[in-house]
Amino acid sequence: HPLIWGAMVGYLTELGVKIGINWLAPLSICLIQHILGLLIVAYTISTLKKFGFNSWILGGVLTFFIILPPMSLYASTLYNDYFYCLSIMLLTIELVYYLYDRDTYFSGYRHMILTALAVFGTVFRYNGLYTMLAVIVVIVLRELYLLLRGKVKFAQTIMVTILCLTLPLSMGQFLQNTLNN
């Protein structure tokens, strides 16, 4: 969201000016972006290893992240869509667990919390709402189908559709509407 982005840059700039480090804002934000980006890439590779991909594919994925323009082009700049992009990457990984390893996904709260965090992170871009609504519709339809066939538990369906997707999206939209007013 532009207001969150502007406030973050503004506060860090003010702090930098007060302590005599005028470049504190770009350094801090770029450092945070780098760290979060590295964590997401590491999590992606860890997930691929867990699913049994061979080392050639893992090397290809790392190469892809190294040469991918959005990752390399904006790696050393203040890029306001970067947090949104990281949220979508995290959501993609969590949806892989949800779709292909439900036992792991529901074995603890980690994956559900990361899914909710990724969904909430879509607040950093206005069209994040539409992206998430499309994801929610597909997941609700899938869950209803599996529920009618008796392949999933009702509690798991509620946790995914309400707690992990709808509630964080609603909270993000409430925050965005509050910031706009």
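Mentor: A residue is called buried under 20% relative accessible area, exposed over 50%, and partly exposed in between (1.4 Å probe, protein chains only). The structure is a predicted model, in which local features need pLDDT of at least 70 and side-chain atom pairs count only at pLDDT 80 or more, while totals for chains, interfaces and linings use all residues. Residues are numbered from 1 along each chain as its sequence is written, and side-chain values use heavy atoms, with hydrogens and water left out.

Trainee: How does Arg142 count by relative accessibility?

Mentor: Arg142 has a relative accessibility of 25%, so it counts as partly exposed. Glu143, by contrast, counts as buried because its relative accessibility is 0%.

Trainee: How many salt bridges does the structure hold?

Mentor: A salt bridge is a side-chain nitrogen of Lys or Arg within 4 Å of a carboxyl oxygen of Asp or Glu. By that rule there are 3 salt bridges in the structure. In the one between Glu143 and Arg142, the closest N and O atoms are 3.9 Å apart.

Trainee: Which residues are linked in a network of salt bridges?

Mentor: The network consists of Arg102, Arg142 and Glu143. Besides the bridge to Arg142, Glu143 forms one with Arg102, where the closest N and O atoms are 2.8 Å apart. This pair links distant parts of the chain, since Glu143 belongs to helix H8 (residues 128-148) and Arg102 to helix H6, 41 residues apart. Helices here are DSSP runs (H or I, at least four residues), numbered from the N terminus. Glu143 and Arg102 are both buried.

Trainee: With which residue does Lys50 form a salt bridge?

Mentor: The partner of Lys50 is Asp101, and the closest N and O atoms of the two are 2.7 Å apart. Lys50 is partly exposed, because its relative accessible area is 44%. Asp101 counts as buried, its relative accessibility being 15%.

Trainee: How many aromatic pairs does a search of the whole structure find?

Mentor: Rings of Phe, Tyr and Trp (its six-membered ring) pair if their centres lie within 6.5 Å; planes under 30 degrees apart count as stacked, over 60 as edge-to-face and the rest as tilted. The search finds 4 aromatic pairs. One of them, formed by Phe51 and Tyr97, is tilted, at 5.6 Å centre to centre and 50° between the planes.

Trainee: Why does the pair of Phe51 and Tyr97 tie together parts that are apart in sequence?

Mentor: Phe51 lies in the loop between H2 and helix H3 (55-67), whereas Tyr97 lies in helix H5, so the parts that the pair ties together are 46 residues apart in sequence. Phe51 is partly exposed at 29% relative accessibility, while Tyr97 is buried, with a relative accessible area of 2%. A further pair, Tyr105 and Phe106, is edge-to-face: 5.0 Å centre to centre, with 80° between the planes. Tyr105 and Phe106 are both buried.

Trainee: Which residues form one aromatic cluster?

Mentor: One aromatic cluster is formed by Tyr43, Phe51 and Tyr97.

Trainee: What volume does the largest pocket have?

Mentor: On a 1 Å grid over the protein atoms alone, a pocket is an open set of points where a 1.4 Å probe fits, with protein on both sides within 12 Å along at least five of seven lines; lining residues have an atom within 4 Å of a point. Points are joined across faces, edges and corners, and a volume is the space filled by probe spheres set on them. The largest pocket holds about 310 Å³ of space. Its lining has 14 residues, and the closest to the centre are Leu36, Ile40, Leu86, Leu90 and Leu117.

Trainee: Which helices each supply at least two residues of the lining of the largest pocket?

Mentor: They are helix H2 (24-50), helix H5 (82-100) and helix H7 (110-120). By class, this lining has 12 nonpolar, 2 polar and no charged residues. Here Ala, Val, Leu, Ile, Met, Phe, Trp, Tyr, Cys and Pro count as nonpolar, Asp, Glu, Lys and Arg as charged, and the others, Gly among them, as polar.

Trainee: Which residues line the second largest pocket?

Mentor: That pocket has a volume of about 170 Å³. Its lining is made up of Thr44, Thr47, Leu48, Phe51, Phe53, Phe65, Met89, Thr92, Ile93 and Val96. H2 and H5 are the elements that give two or more residues to this lining, and H5 gives the most, with 4 residues. The lining divides into 7 nonpolar, 3 polar and no charged residues.
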